[in-house]
Amino acid sequence: VKDLIPNCEYYFRVKAVNKIGGGDYLELRNPIIAEDPKQPPDPPVDLEVHNPTSKSVTLTWKPPLFDGGSKIMGYIIEKLAKGKERWERCNDYLVPLLTYTVKGLEEGKEYQFRVRAENAAGISEPSRITPFVKAVDPIDAPKVFLAANLQSGLEVKRGEEIILEAHISGSPYPSITWLRNDEVVRPEDIKKRVTAPRKKKGESILSVRDSIRADHGTFTIKVENDHGVAKASCEVNVLDTPGPPVNFVFEDLRKNSVICKWEPPLDDGGSEILNYVLEKKDNTKAEMGWVTVSSTLRHCKFHVTKLIEGKEYLFRVFAENRVGAGPPCVSKPMTAKDPFSPPDAPNKPDVEDVTSNSMLVKWNEPKDNGSPIIGYWIEKREINSTHWARVNRNLVNALEVKVEGLLEGLTYIFRVCAENAAGPGKFSPPSDPKTAQDPIIVPGPPSCPEIKDKTKSSVALAWKPPQKDGGSPIKGYIVEMQDEGSTEWKKVNEGDKLFPTCECVVPNLKELRKYRFRVKAVNAAGESEPSPATSEIPVQDILEEPEIFLDLGAQDLLSCRAGTTIKIPAVIKGRPVPKTFWEYEGKAKTAAKVEATDTRSEIIIPECNRSHSGRYSITAKNKAGQKTVHVRVNVLDVPGPPKDLKVSDITRGSCKLSWKMPDDDGGDRIRGYVIEKRNIDGKAWTKVNPNCGSTSFVVPDLITGQEYFFRVRAENRFGVGPPAETIQRTTARDPIHPPDPPIKLKIGLVTKNTVSLTWKPPKNDGGAPVTHYNVE
């Protein structure tokens with residue numbers, strides 16, 4: 001029986017039925033309630049034991065797989081002590097959750113546990129029994145870690161409270177000790193500003209009130225139990241103003257300046273020193289206060305200027321960090337004065353390397369009198385003058401100076417003074433007088449001669465002038481030669497016949513003999529040392545195959561306009577001098593003119609025309625060989641006349657002209673054709689079109705019956721060529737053909753010997769009026 005309503009009461013009855021009919025019903029005496037059957041639940045599963053201690057243990061489990069058809073109301077926990085036979089209930093009330101902490105255990109005893117579930121139908125069977133669990137505290141080494149905000153250290157300003165918080169674990173619970181810089185922290189040690197560490201299981205807090213700079217350092221918490229020791233540390237920085245700078249000293253004391261120097265404070269106040277403030281005070285006047293020298297010093301050194309010589313001063317310096325300025329460091333009294341005097345005078349200067357406009361002045365270093373010499377001042381005086389003039393604008397650091405800009409022929413004397421930090425000293429005695437003029441000596445040797453050319457009887461030499469002319473212009477050069485097998489050098493030219501330039505030709509030599517050459521330079525002081533000599537040089541002709549160089553504009557293809565002059569220049573090289581001749585298409589060109597020298601040949605064709613186009617060749621020939629160079633010439637002109645001019649398709653208003661391209665296009669592409677017409681009675685030609693790009697054209701706008709002549713000219717970029725003309729006149733009229741047959745022939749009146757005929761004219765009269773009809 002299905003589809004019953006839950007919790008409703010039902011009666012049921014049954015009767016039997018056969019083919020005759022139904023019998024009597026059998027009914028239930030009592031009603032049936034539609035509800036699921038209820039029973040006690042299954043036992044809980046997965047019972048586990050956690051966190052056993054000497055007094056308690058925590059149990060967890062999972063609900064029964066089947067609740068017996070009724071909601072689980074709670075759980076009953078039972079324990080069994082080892083050696084006992086009776087299970088004891090642990091909870092007075094049903095446990096609604098899936099976990100329970102059993103308390104009241106006896107330390108050291110062992111226990112087993114089980115759990116039962118209960119619903120409206122009853123209590124389940126017990127769960128699986130746990131193994132024996134001993135009631136003892138767990139062994140756990142101590143652990144400690146600082147609060148998250150202390151992991152990277154703690155920074156507070158002076159007067160603020162230092163609060164350090166730590167979290168602790170361990171079993172048994174460890175003892176706690178706070179230390180600062182490895183010493184135990186006690187309130188009496190820090191003038192009772194320390195609050196005794198607050199203890200709460202699992203944490204410890206240390207507090208230091210009204211912090212001072214001395215409180216900075218490493219704070220450590222130490223926790224300890226029977227199973228070990230653990231520590232955690234935090235760097236605590238208490239920010240304060242820095243201490244006073246130390247070791248204030250003076251350096252490089254002068255009459256109007258001094259360098260103050262100090263060292264940083266021993267304690268920077270826990271923050272970087274940002275700058276120093278330097279102050280000074282006139283110690284000769286008690287009523288004078290402190291004056292700031294500089295308040296932005298980054299370094300521990302400062303050059304104080306504008307002091308008054310002879311006065312006594314006090315200085316003090318403060319260090320500043322981001323908290324503020326600390327106490328000052330005060331110097332000892334200092335009197336502004338120089339500790340040294342200007343240097344002595346140098347000795348009398350020496351003057352060397354005299355030229356027409358310069359002299360080299362030298363001296364020795366004098367006594368510096370306590371301060372290093374920083375340079376020298378040099379003065380000059382013309383011997384006939386009373387005025388000393390300063391030579392150098394800036395101090396000279398060397399013990400010599402080259403004085404330039406002197407006037408040639410004048411006599412000069414010089415004096416020198418040294419300068420140190422106290423100022424310039426006395427001048428030296430003046431030097432000996434020296435006159436500004438160049439010394440004259442023989443020049444240096446020229447360079448080794450080079451062979452520039454040679455023949456069977458001569459050698460051409462070239463060389464470079466000497467690097468030094470000896471103070472006098474080079475007058476010329478003497479060339480010397482040495483014959484093969486000889487040790488004697490002979491002069492090619494004498495001293496009165498000097499070679500004026502750095503080249504010469506030595507003639508009258510013997511063919512195939514070997515010679516060496518060298519050169520001497522000559523100035524007003526005499527002859528120089530000879531140059532390095534050449535190696536032995538055989539005297540003979542130099543054979544060089546001919547070479548031909550065409551002008552760049554005539555290479556490969558030379559184009560020119562008809563009527564102009566063709567010039568093809570060529571440069572000829574070769575030893576001996578080559579003979580040259582020109583050819584046109586392999587033959588001599590009689591109309592051409594040739595101008596030639598030993599090194600150049602040029603063919604000239606005046607007033608050229610199209611017939612001069614073609615290939616020109618120049619050949620150079622000597623004992624060493626032969627060379628031929630070709631160049632193609634293209635003479636550009638207007639095109640020739642078109643060919644085969646014909647007239648066709650004549651009508652009374654137009655006709656067609658056709659022709660062929662000219663035989664000669666003038667050396668350039670034909671751009672088009674110019675078509676003209678002339679009335680037979682007229683003398684002037686008129687253009688039919690601006691330009692025609694093809695070789696045929698239909699001439700329009702002819703006058704019917706008028707007779708015409710036509711002509712056509714080809715055009716390229718150089719102009720319009722001669723025309724091709726029609727010989728016969730052309731009449732503007734339509735062509736005449738026989739007419740079409742008449743149409744619609746009809747027979748009219750018929751007699752015994754006559755017949756009457758009618759018809760209509762032909763559709764096409766053949767281009768002329770019908771004059772008559774023939775009847776057959």
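**Exercise 1. Find the residue with positive phi in the hairpin of S5 and S6, then trace the pairing of these strands.**

Step 1. Look between the two strands. The hairpin of S5 and S6 has six residues there, and Asn51 takes a positive phi near 50 degrees. Strands here are DSSP runs (E, at least two residues), numbered from the N terminus.

Step 2. Check the pairing. Two strands pair if DSSP finds at least two bridges between them. S5 (residues 45-50) and S6 (residues 57-62) run antiparallel and are joined by four bridges. His50 stands opposite Thr58 in S6.

Step 3. Follow S6 onward. S6 also pairs with strand S9 (residues 99-102), antiparallel, over four bridges. There Val57 has Val102 in S9 as its bridge partner.

A note on the source: this is a predicted model, where local features need pLDDT of at least 70, side-chain atom pairs count only at pLDDT 80 or more, and totals for chains, interfaces and linings use all residues. Residues are numbered from 1 along each chain as its sequence is written, and side-chain values use heavy atoms, with hydrogens and water left out.

**Exercise 2. Which residue in the turn between S22 and S23 has a positive phi?**

Step 1. Go to the turn. S22 and S23 form a hairpin with six residues between them, and Asp252 has a positive phi of about 50 degrees.

Step 2. S22 (residues 246-251) pairs with S23 (residues 258-263) in the antiparallel sense over four bridges. Phe250 has Cys260 in S23 as its bridge partner.

Step 3. S23 pairs with S26 (residues 301-304), antiparallel, over four bridges. Lys261 stands opposite Lys301 in S26.

**Exercise 3. Why is one side of S30 and of S34 left without a neighbour in the sheet?**

Step 1. Write the order. The open sheet of three strands runs S30-S31-S34, with antiparallel pairing.

Step 2. Find the edges. S30 (350-352) and S34 (400-404) stand there, each with a single partner strand, so one side of each has no neighbour in the sheet.

Step 3. Inspect one pair. S31 (residues 358-362) and S34 share five bridges. Val361 has Val401 in S34 as its bridge partner.
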